[in-house]
Amino acid sequence: MAGLYLIGALPAEQTQSYEGHLLHCPACQTDCDQIGPAVDALATLRVGDAAELAEQSPLAGDDRP
Ligand SMILES: [Zn+2]
């Protein structure tokens, strides 16, 4: 559940009820603490990797003389 919540896959209604649950549930707070950084990294990768890979590719424009 924490994973779905963190990636924003829960419907708004469940997100709200999970947030309420989270306030009182140390186990889920731990889940979020542990999963959160990985989810952030994945989100960054998903958004950025295609553009970044293109920029880093030796085949993409090389400006050096
Ligand atoms: Zn819980």
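This is a short tour of a predicted model, stop by stop.

Before selecting anything, note that residues are numbered from 1 along each chain as its sequence is written. Because the model is predicted, local features need pLDDT of at least 70 and side-chain atom pairs count only at pLDDT 80 or more, while totals for chains, interfaces and linings use all residues.

Start with the whole protein chain, coloured by pLDDT (the predictor's confidence in each residue, from 0 to 100). The mean pLDDT of the chain is 83, and 75% of its residues reach 70 or more. Where pLDDT is low, the predicted coordinates should not be read in detail.

Helices (H or I, at least four residues) and strands (E, at least two) are DSSP runs, numbered from the N terminus. Of the 65 residues in the chain, 3% count as buried; a residue is buried if 20 or more other C-beta atoms lie within 10 Å of its own, exposed if 12 or fewer, and partly exposed in between, with C-beta atoms placed from the backbone.

Now select residues 12-24, which form helix 2, the element with the highest mean pLDDT, 96. Helix 2 has 13 residues and reaches 19 Å from its first C-alpha to its last, close to the 18 Å expected (1.5 Å times one less than its number of residues). This helix is hardly covered, for the count of buried residues in it is zero.

Move on to residues 26-56, helix 3, which has the lowest mean pLDDT among the elements, 80. Within helix 3, pick Cys-28, which counts as partly exposed because it has 17 C-beta neighbours inside 10 Å. Leaving aside residues up to four places away in sequence, Cys-28 touches Ala-2, His-21 and Leu-22, where contact means C-beta atoms, placed from the backbone, within 7 Å. Cys-28 and Gly-3 are 25 residues apart in sequence, and their C-alpha atoms are 9.9 Å apart in space.

Finally, select Ala-43, also in helix 3, which has 13 C-beta neighbours inside 10 Å and therefore counts as partly exposed. Show Ile-7 together with Ala-43: the two are 36 residues apart in sequence and 8.1 Å apart in space, C-alpha to C-alpha.

Note on methods
Two residues are in contact if their C-beta atoms, placed from the backbone, lie within 7 Å.
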